[in-house]
Amino acid sequence: MRNALRKGSTLREEYRGGSNPDADFPEWASEPPEKSHEKEIKEKGVEYMKKIVDSPCPKARHLQFAAAYNLGRAYYEGKGVKQSDEEAERLWLFAADNGNPKASVKAQSILGLYYSTKEPRELEKAFYWHSEACGNGNLESQGALGLMYFYGQGIRQDTEAALHCLREAAERGNVYAQGNLVEYYYKMKFFTKCVAFSKRIADYDEIHDIPMIAQVTDCLPEFISRGMAMASFYHARCLQLGLGITKDEATAKRYYSKVSLTTNIN
């Protein structure tokens with residue numbers, strides 16, 4: 001999860017609109033001036049967020065949820081502050097505000113991801129928070145719920161509910177949900193449907209489309225990339241074996257290469 005967050009928007013991106021390719025901060029002594037300045041900006045950003053979260057002003061309440069979510073990101077990633085999963089969790093729980101739709105829906109969704117990836121996993125909590133976020137319109141959590149229903153994680157297995165969530169999420173632009181539907185169609189031997197659905201996803205441009213889709217859908221780039229890789233693999237498989245489409249091994253190789261490229265990007 002930490003890598004997925006790092007490959008998505010950073011804390012600095014949340015409050016300044018920029019992006020930061022660095023995953024970690026090196027020591028001050030080894031930093032060039034521009035790196036030191038960047039670290040100083042992040043630390044000032046953390047202090048700014050702390051002031052908002054701790055503000056006693058009732059009018060700042062709506063800002064506190066967003067600030068707590070971003071501050072939780074900072075603690076989880078160790079950006080401008082000492083890394084702490086416990087403090088990140090505390091801040092996200094405050095920002096999520098028991099599923100309040102006027103609080104931070106992003107915090108609700110990220111708690112679902114956090115509880116499903118931490119050790120030991122707490123899948124019932126993960127399902128609860130993904131459900132809250134999904135109910136408040138979060139697209140990432142809608143796809144996650146589909147997979148939790150499908151594999152019986154944190155909830156009783158329910159294929160019908162799983163497909164309902166995945167199809168709705170896919171229609172709304174969740175590429176990871178789309179990739180998982182492609183896999184489902186292939187394994188169920190709905191090859192014609194698999195081919196038609198997978199081609200559209202596999203034909204995305206790995207370099208340009210992932211950032212654009214992430215911005216539009218608010219889904220994490222790593223999961224968008226995984227969905228594209230799944231679609232490319234099964235489309236290539238159908239072409240290689242002539243399942244639902246005329247056999248074409250040369251084109252299959254091209255789509256197999258996209259699997260590797262998409263994986264390497266993330």
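What share of the contacts in the protein chain with a separation of 6 or more comes from residues 24 or more positions apart? In this predicted model, such residues account for 54% of those contacts. The secondary structure consists of 14 helices and zero strands, so that reading along the sequence gives α-α-α-α-α-α-α-α-α-α-α-α-α-α. The protein chain has 266 residues, of which 50% are buried.

With residues up to four places away in sequence left out, Ile 224 touches Val 175, Ile 210, Ile 213, Ala 214, Thr 217 and Cys 219. In soluble globular proteins, nonpolar side chains tend to be buried together. Tyr 255 also takes part in a contact with a charged side chain: Arg 254 lies over the face of the Tyr 255 ring, at 4.7 Å from the ring centre.

Aromatic pairs were searched for in the whole structure, and 16 were found. One of them is formed by Phe 65 and Phe 94. The two rings are tilted, with 5.9 Å centre to centre and 40° between the planes. The angle of 40° falls between the limits of 30 degrees for stacked and 60 degrees for edge-to-face pairs, which is why the pair counts as tilted. Phe 65 belongs to helix α4 (residues 61-77) and Phe 94 to helix α5 (residues 85-96), so the pair, by its definition through ring centres, links distant parts of the chain, 29 residues apart. Elsewhere, ring pairs link Phe 150, Tyr 151, Tyr 184, Tyr 185 and Phe 197 into a cluster.

Several backbone features were located in loops. The peptide bond that joins Glu 119 and Pro 120 is cis, with omega about -5°. Pro 120 is found in the loop between α6 (105-117) and α7 (123-135). Asn 98, in the loop between α5 and α6, has a positive phi, near 55°, and is a residue other than glycine. Asn 98 counts as exposed because its relative accessibility is 64%, and the cut-off for exposed residues is over 50%. A positive phi is likewise found at Asp 218, where the value is about 65° although the residue is not a glycine. Asp 218 is found in the loop between α12 (209-217) and α13 (221-241). With a relative accessible area of 42%, Asp 218 is partly exposed, because this value lies between the cut-offs of 20% for buried and 50% for exposed residues.

Note on methods
Residues are numbered from 1 along each chain as its sequence is written. This is a predicted model: local features need pLDDT of at least 70, side-chain atom pairs count only at pLDDT 80 or more; totals for chains, interfaces and linings use all residues. Side-chain values use heavy atoms; hydrogens and water are left out. Helices (H or I, at least four residues) and strands (E, at least two) are DSSP runs, numbered from the N terminus. Buried means under 20% relative accessible area, exposed over 50%, partly exposed in between (1.4 Å probe, protein chains only). Contact means heavy atoms within 4.5 Å. Rings of Phe, Tyr and Trp (its six-membered ring) pair if their centres lie within 6.5 Å; planes under 30 degrees apart count as stacked, over 60 as edge-to-face and the rest as tilted. A charge sits over a ring if NZ of Lys or CZ of Arg is within 6 Å of the ring centre and within 35 degrees of the ring normal.
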